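Hi there,

Here is the structure I promised to pass on to you. Please have a look at it first, and then read my notes below.

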Amino acid sequence: MRRVSRIAVAGVATASLAVALSACGGSSTDAHSGGSAKGKGIGLAYDIGGKGDQSFNDAAFAGFQKAEKDLKIGGRDIEPQDGESDADKVQRLEQLAKSGYNPVIGVGFVYAPAIKEVAAKYPKITFGIIDDEQDKAANVADMVFHEEQASYLAGVAAAKSTKKNHIGFIGGVDIPLIHKFQAGYVQGAKSVNPNIKIESQYLTQTPQEGGFASPDKGKDAAEGQIDAGADVLYAAAGLSGQGVIQSAASHKVWAIGVDSDQYKQDALAKYKDYILTSATKDVAGAVFNLAKSVQDGKPATGVVRASLATGGVGLADSNPAFKNNADLQAALKKAEAGIKDGSITVKTS
């Protein structure tokens with residue numbers, strides 16, 4: 001199993017699902033014995049940080065659970081290992097494919113080389129990858145999102161909520177995918193106040209250094225930005241974002257979550273009063289829809305891109321302080337309309 005520091009209760013709800021599974025990491029057992037006519041059901045391989053991150057991976061897990069329940073199919077989900085190679089990812093995907101799971105989904109861009117290799121060996125199985133569109137194979141669905149659009153709205157929310165005209169951005173890893181989050185956030189904030197001060201920091205240069213899997217790194221970065229004067233922090237950092245939220249709550253400033261609606265995550269419940277909103281992307285829907293397309297005999301392939309217009313990205317409104325702020329909601333409504341009608345073009349870098 002992976003060894004990463006977590007906020008106290010993170011992942012407790014999923015611990016009972018874990019069983020031993022060779023060198024590839026832990027896996028849940030099949031939820032159903034028979035599977036479907038299209039195979040044994042859905043196979044899911046998690047990204048760095050694994051299940052229990054209350055963010056990206058848990059969004060994929062929600063889609064996995066929905067597919068099992070609503071489509072009445074089997075399923076197997078497998079955890080990553082610390083410091084693993086592409087060969088380990090290949091082995092994990094092959095294990096799912098050989099076992100008869102269809103579709104087989106890699107959660108995260110780090111699976112791109114492995115998906116390319118394994119999909120070529122199993123042309124009758126549909127493979128999916130989230131957050132990457134490099135592989136254009138006939139049996140691969142590239143499930144990607146306009147993260148910058150949701151992040152623009154997060155920037156508007158931050159600029160309308162700060163009391164110091166000073167906000168922060170914390171990215172997990174310094175890569176193009178996370179640059180999209182930063183670019184949209186900065187642009188959105190400056191649309192409200194061109195002179196707003198914005199702290200920006202990346203936790204690591206590569207995923208292998210733990211940028212997406214280290215709450216302690218997120219907490220340290222947040223402490224630095226709060227000390228510098230920022231009073232709204234947006235983290236696009238996977239599991240590391242839990243440390244940012246914890247720090248924001250301890251200093252009684254706002255945090256903006258990412259990927260999942262983090263206000264509603266049980267493991268973050270003690271901090272929720274300081275989670276203003278979350279820039280969400282419907283990873284759960286992407287996972288479920290791919291499984292359904294396979295079950296329906298019309299497997300989705302090629303680039304499947306979700307946007308604000310399709311409902312695939314957006315801002316969560318679970319926090320009453322956010323939802324009931326009329327001035328903020330009016331600003332967000334105007335920004336959303338501009339993005340949808342094309343009068344606002346959101347930057348990606």
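In this predicted model, an open sheet is built from 6 strands, and their order is β7-β6-β8-β9-β10-β12. The pairing within the sheet is mixed. At the edges you will find β7 (197-204) and β12 (313-315), each of which pairs on one side only. If you ignore direction, neighbouring strands of this sheet are turned by 15° against each other on average.

To see one of the pairings in detail, go to strand β6 (residues 166-173): β6 and β7 run in the parallel sense and share 7 bridges. There, H166 has K197 of β7 opposite.

Which strands does helix α5 lie across? Helix α5 covers residues 147-161 and lies across β6, β8 (232-236), β9 (254-259), β10 (275-281) and β12. With β12, helix α5 makes an angle of about 10°.

Next, the charged side chains. I found 14 salt bridges in the structure, and these are the ones I would like to show you.

One of them joins D77 and K51, with 2.6 Å from N to O. This pair connects distant parts of the chain, as D77 sits in strand β2 (residues 74-78) and K51 in the loop between β1 (41-45) and α2 (56-71), 26 residues apart. Are D77 and K51 buried or exposed? Both residues are buried.

Another salt bridge is made by E94 and K121, whose closest N and O atoms are 2.8 Å apart. E94 belongs to helix α3 (residues 86-98) and K121 to helix α4 (residues 112-121), so this pair ties together parts that are 27 residues apart in sequence. E94 counts as buried because its relative accessibility is 15%, under the 20% cut-off. K121, with a relative accessible area of 45%, is partly exposed.

Best wishes

Terms used. Residues numbered from 1 in each chain as written. Predicted model: local features only at pLDDT ≥ 70, side-chain atom pairs only at ≥ 80, totals over all residues. Heavy atoms only, no water. Salt bridge = Lys/Arg side-chain N within 4 Å of Asp/Glu carboxyl O. Helix = DSSP H or I, 4+ residues; strand = E, 2+ residues; numbered from the N terminus. Buried < 20%, exposed > 50% of the residue type's maximum accessible area, 1.4 Å probe, protein only. Pairing = 2+ DSSP bridges. Axes fitted to C-alpha atoms, helices over the stretch in contact; angles between N-to-C directions. Contact = heavy atoms within 4.5 Å.
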